[in-house]
Structure formats: C-alpha cells, structure tokens
Amino acid sequence: MTSATAPAPRAELSAAEARRLALHAQGMIGAPDRRSGVEGVLRDLGEVQLDTISVLARSHELVPYARLGAVGREAVEKAYWNHEPHGASTFEYWAHAACILPVEQWPTFAYRRAHFRDRASGGWGMPTTREAEALVLGKLRDEGPCMTSDFGGARKSAEWWDWSDTKVAVEKLLATGDVVCVERRGWRRVYDLPERALPKNVLDAAEPTREESHISLLALAGRRLGVGTIGDLADYYRLKIPDAKPLMDQTGLVPVTVRGWTQPAWADPAALELLAAGGPRGRHRTTLLSPFDSLIWERDRMERIFGMVHRIEAYTPAAKRVHGYFAMPLLAGGKLLGRVDPKREGKTLVARKVSLATAAAVQPMAEALREAATWVGCESVAVEQVTPVELAEPLRASLG
C-alpha cells in the first residue's frame, strides 16, 4: 500500500508480529499460488538448498512441498533442472550452501567467483593443477555437458571421498564460474560451459562490485525473511561482512525493534505496510519441514522466532540422538508444535520418533503425516516411539 491514507508502519514489533512477517515472507501464510508453481517458490525464496540426505524425500523437494502441498515430484525436478530455448532459468552455486538459484542472480555472485579465483585470499582451498583444469575445459568444449564420471569420478574410500584430480578441478571451476551446473541426473551434477548453458543477457549483464552485491543480497534477504537481525540477513546468503551496519541504509530496509530480541533488526517496508493494514491474512500451512528449509535453517533465529531448539542429528551416533536421524519440525497454525523422524519402508511411512509439544499437536501431526505419506506414494502410516508416551495412542487413533 502506498496511498496517503495507509496506516503508518510501526518501528516496534511484537514477537508474534515478527513471526507472522517471517511466515508470510517464506510463503507459509495464505493459499499457495499454484499458478506460479515450483518456479514461483524458488523466486520467492531466492534459493533452495540442496542436500544428499533422502528420507521422506530430498530437501529440495520438501521445500516446495511445504508451501504448495502435494506437488508432483517430477514437476519439482523439471522446475529446477531445465533447458530453455535461450538458456537455463536456474543454476547451482554456493549461496547459503549448495543451492539452486534463479539464473538472474548469476551476476550478483561475480564477487564470490572472483574470491575463489584469488589464490592470495585462499581461493578454492583444494590443490589442483592447470593441466587438470585444461583437460576438463577441453572435454566440455569438445564433447558437451559431462558428469563427474566422465572426468574420472569420485571413488568412495574407507575414509571419505577420494576425488580424482579432474574431479577437484571441475569443482574448482564450478566455484570460479568457468563451468556451470544447470542440471542433475540421478543426483549427479552435469557440468557445462556458461556460454553454452546460460542466457546471453545474463552473461552480458554488468557485474556489480563486492559492496554492491552485499547491499543487494542483504536487501533480498530482508524481503525473504520479512524481518531479521544483521546476522539473520547476512546468513541467508552466507555473506562474510566484518561490519554490515554501514551498508544497511542503502538496502531500503527499515530499522525496527522486536520485543524479546536482544539485537536491533531490519524489516521489509512492504511487509511493515502489510502488517499496518491488518495483514498478513490467510490460512496457515500445516506441514512437515525439512531441517534445511530456509524458514528455519538459521538455528538461533529459529529459536528466537519459534521457541524451538533444533539440531540435525544425522551425524550424531544413533544412541545419542534425541529426536532422530532426520527430525522434521511440524508447522501448524504458524507455530512449531513438534517434530518427527520419518522413514519409508515399502508402502508404509514410519514415524520412528515423534515429539509433541502438547495434546493440541496430535491432530496437526496426524494431518501432516497423512499428507506426506500420500505425497511419497505410501498407503499407511506406522507410529513407533512418541514423546510424551500418553499421546501415542491418541496419535495412532487420529491416523485411523
């Protein structure tokens, strides 16, 4: 809203208002816009993190599912990895982590690609040779897009991954932007040359300076978080800025205070206007969240906004796990009401460990489990361990 009669945005927010802004910015309030589909979710979020763990589904599938519901899994892959007539519409790069990004963000990360080229600042960090890099580039020029196996692959050893010289080289070239990934096949990257894979207008676009990129990315993070501290904003794209405060005046974000937060915050002005007008309105999603979902991936912020302390326990010894290998928080009514560690066994979705905050979380957990089971092609849900134990039978009864 921009009219003269619009309510003035407030400079102080309650914790509940901050939570509503965060949920709205991340697409968790209101009916999902299925017309924009997975592509729309990606552009609204700015990036979607990739991860190798696949339990219920891979994280990059779970993110649009959490917002759109049971969107077809093939549609998810098609939206991320596509070949438009004039170049790909997405690319993979190091943003918050390894992420899928809209292709128009390619120029914004020029400063990061330059960092990986600069040996004086540490560069890529893994030793490689010019001969290996030349071999990779020559093979791509002569043969077209290639996978890791075409370069010699990565051989799994007893310790970890034993990368060949050409595998190290192609990963360095991906970081420096001399090669690009716009497709995955069976979870394996397909590498190509930027001039062949990316749209010409993207490649020809002016590259902003490091400071200009930092300002742009802080502003984008503000819109995608709704409201956040400098630490929240910088973490969204993993910006390494010793002192970001001098840049904040150039982002267009509005300084605010949030009751209960110990640090100053900045908010998206459009989100503040929406709040002043009585919004955001709409139905809250009831869903299971990937631990790598951008709504919750910064753990301090997650605790500050939702009051939940959450850690990924995939690399914790099984005997020491509290909530499970890949515990997924339950979002319902704009709050995190519990979590579940799921596993697929044939046509059964097994809830191995379920933690519920209160008895009021039983029905939303049952609803979320049923929807998730249907989405991944399971015909039933089995519940194993529940905390507190007295909610085990009510949950099973709610699942029918």
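A nonpolar core is defined here as a set of buried Ala, Val, Leu, Ile, Met, Phe, Trp, Tyr and Cys residues joined through side-chain atoms within 4.5 Å, where buried denotes under 20% relative accessible area, exposed over 50% and partly exposed in between (1.4 Å probe, protein chains only). The structure is a predicted model, in which local features need pLDDT of at least 70 and side-chain atom pairs count only at pLDDT 80 or more, whereas totals for chains, interfaces and linings use all residues. Residues are numbered from 1 along each chain as its sequence is written, and side-chain values use heavy atoms, with hydrogens and water left out.

The largest nonpolar core comprises 64 residues, and Phe91 and Tyr237 have the most contacts inside it. With contact taken as heavy atoms within 4.5 Å, and neighbours within four places in sequence set aside, the partners of Phe91 include Cys99, Ile100, Leu101, Trp106, Val180, Val182 and Leu198. Another core, of 34 residues, lies apart from the largest one; Ala57, Leu330, Val340 and Ala368 are among its members. In soluble globular proteins, nonpolar side chains tend to be buried together.

Leu330 is located in strand β14 (residues 328-332); strands (E, at least two residues) and helices (H or I, at least four) are DSSP runs numbered from the N terminus. The relative accessible area of Leu330 is 0%, and this residue is therefore buried. Beyond four places in sequence, Leu330 contacts residues including Thr286, Leu288, Leu337, Arg339, Met365 and Ala368. The C-alpha atoms of Leu330 and Met365 are 6.8 Å apart, although the two residues are separated by 35 residues in sequence.

The axes of helix α2 (residues 37-45) and helix α4 (residues 73-80) come within 8 Å and cross at roughly 55°. Axes are lines fitted to C-alpha atoms, for helices over the stretch in contact, and angles run from 0 to 180 degrees between N-to-C directions. Because angles under 35 degrees count as roughly parallel, over 145 as roughly antiparallel, 65 to 115 as roughly perpendicular and the rest as oblique, α2 and α4 are oblique to each other. Val38, Glu39 and Leu42 of α2 form the contact with Ala75, Val76, Ala79 and Tyr80 of α4.

Within helix α4, Ala79 is buried at 4% relative accessibility. Ala79 contacts Val38, Glu39 and Thr90 when neighbours within four places in sequence are left aside. The C-alpha atoms of Ala79 and Gly40 are separated by 9.5 Å, the two residues being 39 residues apart along the chain.
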